[in-house]
Amino acid sequence: MKCIYCNCENDLTVSDIIPYAMTGAKVKKSFVCKTHNGFTNDNYEKKMISEFAFFRNRLGLTERDGDPVRYNAELNIGEYKFDNVSISDHTSILGSSKRIFPTTDKNGNKVLVANPETLLKQKGFSADKLNILDASEVSIIARSNIHTLFCSNEMLHTVAKIAYEWHCFINDIEHFDETQYQDIVSYILNPDSTDHFVEIVLSPQTWGLMDHISRTGSHMLFEYCDIDGNTYVIYGFWGIIIYKIRICKSATKNLSIANVYNVYSYHVDGSNKGDMFGTYGIPSIPSLDCSSALSILCDEIKNRLSNVGERDLTKEYLINRIKEIKPIFSKYKNGFYNLAQLFDYEHEDRIIPVFILEQLFLNKELFDPSLSFTQNMQKALDCREKFVFTEEKLKTVLSRYVEMDAENTFETMLDSAINYFESTLAF
Ligand SMILES: [Zn+2]
């Protein structure tokens, strides 16, 4: 085994082929030397990952230590506005947090905005100075630029690096073959290069394929030999955009009109899958340079990006959420936490799973072992396709749980619902 960038045999380190920060699935191999692993990371991967912080948080990805992803945003609480606030979850700003946001009011008076308990601990501060703000008046605004996200030199270099390493990974290439990969490797190792190795796919068939096999946040990859004599990797990123990366010259020009491709998809919940698909016709996937393609696809991409917060309600999603909720639920049962804390101050990823668990439990006589988990869940939730949890629905469900909490029936319900799910459905 040698480094796939320089053939060095010492100091080989594990490369996250798709950066761990961008996926729940681990695709890694120890075939990159320490120098080159550090090089790609320091020169563009880190920067690209930080650009996506808000969306990584929305997708439910975490930092390496399991903490929610932090991002910078504008925070508005009532009439007060704070720029560039580092945010992870709602608790980080509204809950037991010790953070204090200093500002001034309309009349120029000094104002501190924080959790009441934190304020009362301040020297010289008394309860009569306290003004309670409504937590429902909190808004968080994060701004991003489509061009910076998908078309920056950092993004395109990261995409090329992922494609080359994945190509080596899938083809068991364990050294740097200069005769084949000189061009792509020198592009990857030259962060300022503006060469056209990465383009954006326009073919509706490929977009259709991505929608068919990807979920929000999935990475889809496959490679093919084009009629132009090159081997390309096609890389669908998060179900939002599809790149085409030129890897090397093919051994022979592909002139066949019937082709079969192996497509791999890596999902946020850590699962991955291989699929095959066939095409009939010219083996070429139309693409355009990133900047031109982006102006054509701008609305489409914006639309897909705005859906990033949508949850794919899979069994894995529920299992992961239960793992998170259980320790907090036990604090709730012991009286250390209240309902608001259990729900992380109206966080969707706490309310939605509780609601699904409840509905599965209440509708357990509808359970049909011959159907898939998703089909059973759709029956329990009484929906045909995607289950959409609107803001309004969220409020209705939440106020019902607040009532149940007051009547002391919430705890029993959630206990039974988790038990039912874990003993009957989570296999
Ligand atoms: Zn190296």
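Two residues are taken to be in contact if their C-beta atoms, placed from the backbone, lie within 7 Å. On this criterion, residues 24 or more positions apart account for 64% of those contacts in the chain that have a separation of 6 or more. The model examined here is a predicted one, and its chain contains 15 helices and 14 strands. Along the principal axes, the C-alpha trace spans about 80 × 60 × 45 Å, and 31% of the 427 residues count as buried.

The chain is divided into domain 1, made up of residues 1–78 and 134–310, domain 2, covering residues 79–133, and domain 3, covering residues 315–425. Between the C-alpha centres of domain 1 and domain 2 there is a distance of 41 Å, and the contact between these two domains involves 17 residues of domain 1 and 15 residues of domain 2. On the side of domain 1 that touches domain 2, strand 3 (71–77) and strand 7 (138–141) each supply at least two residues, with the largest share, 7 residues, coming from strand 3. By residue class, this side of domain 1 divides into 9 nonpolar, 3 polar and 5 charged residues.

Phe101 has Val113 in strand 6 as its bridge partner. The two strands, strand 5 and strand 6, form a hairpin with 5 residues between them, and Gly108 in the turn adopts a positive phi of about 85°.

An open sheet of 7 strands is arranged in the order 13-12-9-10-11-8-14, again with antiparallel pairing.

Helix 6 lies across strand 8, strand 9 (219–225), strand 10 (230–237) and strand 11, and runs at about 55° to strand 11. Helix 8 (residues 204–213) lies across strand 8, strand 9, strand 10, strand 11, strand 12 (258–266) and strand 13, and runs at about 110° to strand 11.

In soluble globular proteins, nonpolar side chains tend to be buried together. In the present model, the largest nonpolar core has 72 residues, and those with the most contacts inside this core are Val159, Ala160, Ala163, Tyr235, Tyr243 and Ile245. Helix 6 (residues 153–170) provides the largest share of the core, 9 residues. When neighbours within four places in sequence are left aside, Tyr235 is in contact with Val159, Ile162, Ala163, Leu221, Ile242, Tyr243 and Ile245. A second, separate core comprises 21 residues, including Ile351, Phe355, Leu360 and Ile418.

Phe55 is located in helix 2 (residues 53–59). This residue, Phe55, counts as buried because 21 C-beta neighbours lie inside 10 Å, where the criterion for burial is 20 or more. Phe55 and Ile352 are 297 residues apart along the chain, and their C-alpha atoms are separated by 19 Å.

Note on methods:
Residues numbered from 1 in each chain as written. Predicted model: local features only at pLDDT ≥ 70, side-chain atom pairs only at ≥ 80, totals over all residues. Domains from an automatic or database assignment. Helix = DSSP H or I, 4+ residues; strand = E, 2+ residues; numbered from the N terminus. Nonpolar A, V, L, I, M, F, W, Y, C, P; charged D, E, K, R; others polar. Core = buried A, V, L, I, M, F, W, Y, C linked by C-beta atoms within 7 Å. Buried ≥ 20, exposed ≤ 12 C-beta atoms within 10 Å, placed from the backbone. Pairing = 2+ DSSP bridges. Axes fitted to C-alpha atoms, helices over the stretch in contact; angles between N-to-C directions.
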